[in-house]
Amino acid sequence: MKRIAVLLLAALALAGVVWADSALLINGAGATFPYPIYSKWFDEYHKTNGAAQINYQSVGSGAGIKQVTEGTVDFGATDGPMNDDQLKAYKDKHGSAILHFPTVLGAVVPTYNIPGVTTPLNFTPDALVGIFLGRISKWNDPVIANANKGVNLPANDIVVIHRSDGSGTTYIWTDYFSKVSADWKDKVGKGTSVNWPVGLGGKGNENVTGLVKQTPNAIGYVELIYAVQNKIPYGAVKNAVGEFVTADLASVSAAAAAASTTMPDDFRVSITNAKGKGVYPISSFTWLLIPQKFTDASKRDAIKGFVTWMLADGQNYAENLSYAKLPKEVVAKELTALNKIQ
Amino acid sequence: MATTTTIVPSAGPVVGSRSFLSRLREGDEIARIITFLFAASVVLITLLLVFELWQGSVLPRHKFGFNFFRTSVWDPIFDQFGALPFIYGTLVTALVSLLIAVPLGIGAAIFLAELAPPRISDTLEFFIDLLAAVPSVIYGLLGVFVVIPLMREYIQPALKNTLGFLPFFQGPMYGMGFLTAGIVLAIMVTPYIISVSREVLLSVPRDQREAALSLGSTHWESTWKVVVPFARAGIMGSIFLALARALGETMAVTMVIGNAPVISASLFSPGYSIAAIIANELTEATSNLHYQSLIELGLVLFLLTFILNGLARLLIVATTQRGGGMGNA
């Protein structure tokens, strides 16, 4: 008995030493959209630098903002930038600011299922907004047909499918709609969940895709990455300079490049409907939310180290996972902003 | 070990014959206190839950008051929150599921308990218990890939063609909606009804059946007129267990109900349930009012379950007194 107890104690002590010796633990929480690349990054960063072990819970942007504001995690992540009220709430609680750092870009694409139509469709902003407002109810409506000459669109009722769970995907989609339509802005607005005028809700990209695939005459929207990985057909969207552009890494990066010249210092920028040639208009950054002041210097250094690595080597992992890389101008600007963290 | 127990009682400074201390030492009191604490924890957790939900929903309770239950707009952007479509959806889907599951479940239970050979009955019971243990997301998948297409292609058009004059079977047929959610829920709760009802029927005393048979009734008459009424309270219990599951089901419902806050008499129409919207929106609720309104919906669901359970108890008590059956609900 005694010997076993001694052995156990020794083992525990040893484990304790190993534990204490192991890497610094940093916790983050937030957006689900960039989760695939974040988990890759945190894993790779830990492997190459060995310094910090970063845990990331993909609980959703809203929960990420909430948790970082409450101080239960070291950093947050979001698909839609924090609004002024949320920034103020953070400042009131912590006495210092929280900073946004763009990490990669993504896009949202319209996907549809019209029996007999196999050619990719072109969508004007008016057509998309009209469909999602319920004003355009048939596929052969002139607003849709005029942009798709030569496609035989049926006179069937359109079934609108949107996300039912709050999500950054919905935020980007409705942010775009709010920019191209004053009506949408006044009646529905932008957010992670909105009061949809028409349609059915599916939970997650998977459920929306599943419903669109099996419902004749349906239209929905999903993340570009999800559409690419699952080989879902999607339509082109008319951008601010009048071209119909299909979403891909190049056209999403073009959106970022177009916006980078007017990037504000706090990086809280929406790049939907960005002006420029070859720009896919329903694109967005996704952000890390990092406190400006850390009480724990080792955590601060680890997070700064990670962001520096992410902006350099980390960016190389993006395209394999179907995320668009940050433009150089934005990277340079972020490196400067990193100095604000104390 | 044995030596220590014999030494302690004689060495203790005992005064009274059955004092608290001696009872404590004998273990009865300890067991009583410990088990009491366990039992009390149930009440405590319930109270804590209500308290938390009440505390967590201050903003919408003050802002909307009773209107929260009366209005049907749910708009997180313009801060308008009304619970009516969600209450409606929860109740309608639960009702539809019970309308299907109760006859099905009780019928199957009667067969298994009274008519089937024991070997078949036990084998089937194994599968029923298995069905009851399947995670709800699996039923959701079944709903998305099997029930929804079936509904859209065959069942809904058939219903519209035959019973289309009723308001329940009108409007566009998406495949998703109240009826589909009710059917998926029925598939989920039927095993509960079968399993519990079968046990209750099997526990009806043998002499009850024998008495009926000796009076000249047929096998079916003894089953339907004697055994089933005798087990009524227990069968009711199984139905309310099923109701509770149907009210609170989240994942399977949200995958098939269409998730649109709509109040419509048509069962083809998409709808929304309380549990589904909480699961869908809580993680991304960024404004405090939105977040707290979802918590208030949790409170509403709690109250709904509480009220329906209370009614169930009353019903069981009432029928038991009239029928004199066994009260093992």
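**A walk through two chains**

Let us start with one pair of residues: A:Phe101 has A:Leu288 as its bridge partner in β11(A). Residues are counted from 1 along each chain as its sequence is written, while chains are lettered from A and ligands numbered from 1 in the order in which they are written. What you see is a predicted model, in which local features need pLDDT of at least 70 and side-chain atom pairs count only at pLDDT 80 or more, although totals for chains, interfaces and linings use all residues.

Stay with β11 (283–291) of chain A for a moment. Strand β4 (residues 98–113) of chain A pairs with β11(A) in the antiparallel sense over 9 bridges; two strands are said to pair if DSSP finds at least two bridges between them. Strand β3 (residues 75–78) of chain A also runs antiparallel to β11(A), joined to it by 3 bridges. There, A:Gly76 stands opposite A:Leu289.

Which residues point each way from β11(A)? A:Ser283, A:Phe285, A:Trp287, A:Leu289 and A:Pro291 point one way, whereas A:Ser284, A:Thr286, A:Leu288 and A:Ile290 point the other way. Because 9 of the 9 residues of β11(A) are buried, the strand is largely enclosed by the rest of the structure.

Now step back to chain A as a whole. Chain A has 13 helices and 11 strands, and its C-alpha trace spans about 85 × 50 × 35 Å along its principal axes. Of its 342 residues, 49% are buried. Two residues are in contact if their C-beta atoms, placed from the backbone, lie within 7 Å. Among contacts in chain A with a separation of 6 or more, 73% join residues 24 or more positions apart.

The loop between α11 (249–260) and β11 of chain A holds A:Phe267. This residue has a positive phi of about 65° although it is not a glycine. A:Phe267 counts as partly exposed because it has 18 C-beta neighbours inside 10 Å. With 13 other C-beta atoms within 10 Å, B:Asp79 is partly exposed.

Where do the chains meet? Helix α3 (residues 61–70) of chain A contains A:Ala63, which is buried because 25 other C-beta atoms lie within 10 Å. Leaving aside residues up to four places away in sequence, A:Ala63 touches A:Ala29 and B:Thr283. Overall, 25 residues of chain B are in contact with 28 residues of chain A. On the side of chain B that touches chain A, β1 (74–75), α8 (136–163), α13 (251–256) and α14 (274–281) each supply at least two residues. The largest share, 3 residues, comes from α8(B). That side divides into 15 nonpolar, 7 polar and 3 charged residues, where Ala, Val, Leu, Ile, Met, Phe, Trp, Tyr, Cys and Pro count as nonpolar, Asp, Glu, Lys and Arg as charged, and the others, Gly among them, as polar.

A nonpolar core is a set of buried Ala, Val, Leu, Ile, Met, Phe, Trp, Tyr and Cys residues joined through C-beta atoms within 7 Å. The largest one has 176 residues, and those with the most contacts inside it are A:Ala255, A:Leu289, B:Val184, B:Ile193 and B:Val256. Helix α9 (residues 178–202) of chain B gives the most to this core, with 16 residues. Beyond four places in sequence, the residues that B:Val256 touches include B:Val144, B:Ile148 and B:Val184.

Finally, how far can we trust the picture? The model scores ipTM 0.78 and pTM 0.83. Chain B averages a pLDDT (the predictor's confidence in each residue, from 0 to 100) of 87. Within chain B, confidence is highest in helix α6 (residues 84–115), at a mean of 95, and lowest in helix α1 (residues 2–11), at 44. Over residues 1–15 of chain B, pLDDT stays under 50. Where pLDDT is low, the predicted coordinates should not be read in detail.

How values were computed:
Helices (H or I, at least four residues) and strands (E, at least two) are DSSP runs, numbered from the N terminus. A residue is buried if 20 or more other C-beta atoms lie within 10 Å of its own, exposed if 12 or fewer, and partly exposed in between; C-beta atoms are placed from the backbone.
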